[in-house]
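Work through the exercises below with the sequence and the model side by side. Try each task before reading its solution.

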Amino acid sequence: MTIAIIFIVLGLLALILTIYLAKGHLSKGGDLEKLATQLRTVDVGAFCNLISTSEQQYLREHLPPREFRIIHRERMAAAVEYVRCAAHNASILMRLGEAARQHSDPSVRQAGEKLIENGLRLRLYAIQVIPRLYLSMAFPKARPTSDILADTYDNMSRQVATLSYLHFPTHGMSSAI
Amino acid sequence: MCLVRRRLQRQLPIFVGYVVFELVQFAALFTVYLHSPFSPVIYKWTLVVGTGMGSVLELGVIYELANELLLSRSALASVLRPVLQVILALLVLGAAIGSGALSEISVQRVTNIFQVLDFSSNLIEAGMVLALFIFARALRVSWRSWIAGVAMGFGVSASIDLVSASLRAEWGYRAFIPADLTQMAGFHICVVIWLVSLYLADRTQLFPNEKLKISDLELWDQELQRMVQR
């Protein structure tokens, strides 16, 4: 009886969750203009500084332990916010990539594909990095993260620029640059 | 017909094969049902073999959906493939435990096999579809609407079937007719979802403007400058 009830509840939960999660995929696409306004500012340099091991070492050596722990927690909390913003921007840029994939020009399609690929990579890193940042918050001796996330974000930014550049010739606007 | 006419078999060939198989299975069961004298044993074995083959095809469709959604992307394949394998292994384990606990209620051997197959395949299917949707949401992977519709249809049908299979296992023959009706309703809902998503696939575009306009690109350029302050 108990096992049957467990599976009945699991089935109902699966049904509700499937409908809830699928709803987003079935909705129509958005507006690029609206999406662009949803982008959040990310200072990659500041993020690199926050997760820098040498910076952390310097603070550890020059601050009293208690003060270091407080400042380290604040730095890691700021880094988490940066990662969240970068992941949010990545999801928006991936939609730009999706739009570029529908373009008639193969080079634009390729650039869009790369943008999506990097966006996915960045979101995957973000999922892995956020728990590590929280761990570092709790245990300041733990190394927070590598620079991969910053590099990937930088790559994505460059790909958006490439994508923009690639569109100009297709519209016969290269002379306008 | 709709699938083949739109050449969607190139995108999800196993799914199209599954739809054809369902039609063939229905024709076979209907023929056995109409045959005089009606043989319940032949009908049950046809149903069991059909359920077994259908379950294999359904797993194939889920692999196809996983491939289309996640595994075809090099950035994700190496990380998500082992995660999905672990989820599948856990679901198989759960199905084995559940089947062992629930199948004792059945008294007929053929019906017992049918129940085990039905319950296990639905548990695995519902779990895998849910896992795919969770990954897609976490990574913000865009799924073209008709593929999302196929996955949603499978998920809804498998979840309803899981509930009805559990009910049937728990209450035995008393629950057979209500459980069958629920399963049929679940399958019809699933087909309606597929048809609606196929219809929407023609109309829905990711963005209303097929080609990005120059003003959009300038806007993106500005946003990019704002976004990366180095």
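How many helices and how many strands does chain A have? Chain A has 7 helices and 0 strands. Helices (H or I, at least four residues) and strands (E, at least two) are DSSP runs, numbered from the N terminus.

This is a predicted model, where local features need pLDDT of at least 70, side-chain atom pairs count only at pLDDT 80 or more, and totals for chains, interfaces and linings use all residues. Residues are numbered from 1 along each chain as its sequence is written, while chains are lettered from A and ligands numbered from 1 in the order in which they are written.

**Exercise 1. Describe each chain in outline.**

Step 1: read along the sequence. Chain A follows the pattern α-α-α-α-α-α-α. Chain B has 8 helices and 0 strands.

Step 2: look at burial. A residue is buried if 20 or more other C-beta atoms lie within 10 Å of its own, exposed if 12 or fewer, and partly exposed in between, with C-beta atoms placed from the backbone. In chain A, 38% of the 177 residues are buried. In chain B, 37% of the 230 residues are buried.

Step 3: look at contacts. Two residues are in contact if their C-beta atoms, placed from the backbone, lie within 7 Å. Take the chain A contacts between residues at least 6 apart in sequence: 72% of them join residues at least 24 apart. For chain B, residues 24 or more positions apart account for 74% of the contacts with a separation of 6 or more.

**Exercise 2. Classify the packing of H2 and H3 in chain B.**

Step 1: find the geometry. Axes are lines fitted to C-alpha atoms, for helices over the stretch in contact, and angles run from 0 to 180 degrees between N-to-C directions. H2(B) spans residues 13–34 and H3(B) spans residues 40–71. Their axes are 9 Å apart, at an angle of about 170 degrees.

Step 2: apply the cut-offs. Angles under 35 degrees count as roughly parallel, over 145 as roughly antiparallel, 65 to 115 as roughly perpendicular and the rest as oblique. H2(B) and H3(B) are therefore roughly antiparallel.

Step 3: sort the contact residues. There are 14 nonpolar, 6 polar and 3 charged residues in this contact. Ala, Val, Leu, Ile, Met, Phe, Trp, Tyr, Cys and Pro count as nonpolar, Asp, Glu, Lys and Arg as charged, and the others, Gly among them, as polar.

**Exercise 3. Is A:Asn49 buried or partly exposed?**

Step 1: A:Asn49 lies in helix H3 of chain A.

Step 2: A:Asn49 has 13 C-beta neighbours inside 10 Å, so A:Asn49 counts as partly exposed.

Step 3: compare A:Arg60 in helix H4 (residues 53–62) of chain A. A:Arg60 has 15 other C-beta atoms within 10 Å and is partly exposed.

**Exercise 4. Which residues does B:Val150 contact, leaving aside its neighbours within four places in sequence?**

The contacts are B:Leu12, B:Phe15, B:Leu65, B:Trp194 and B:Ser197.
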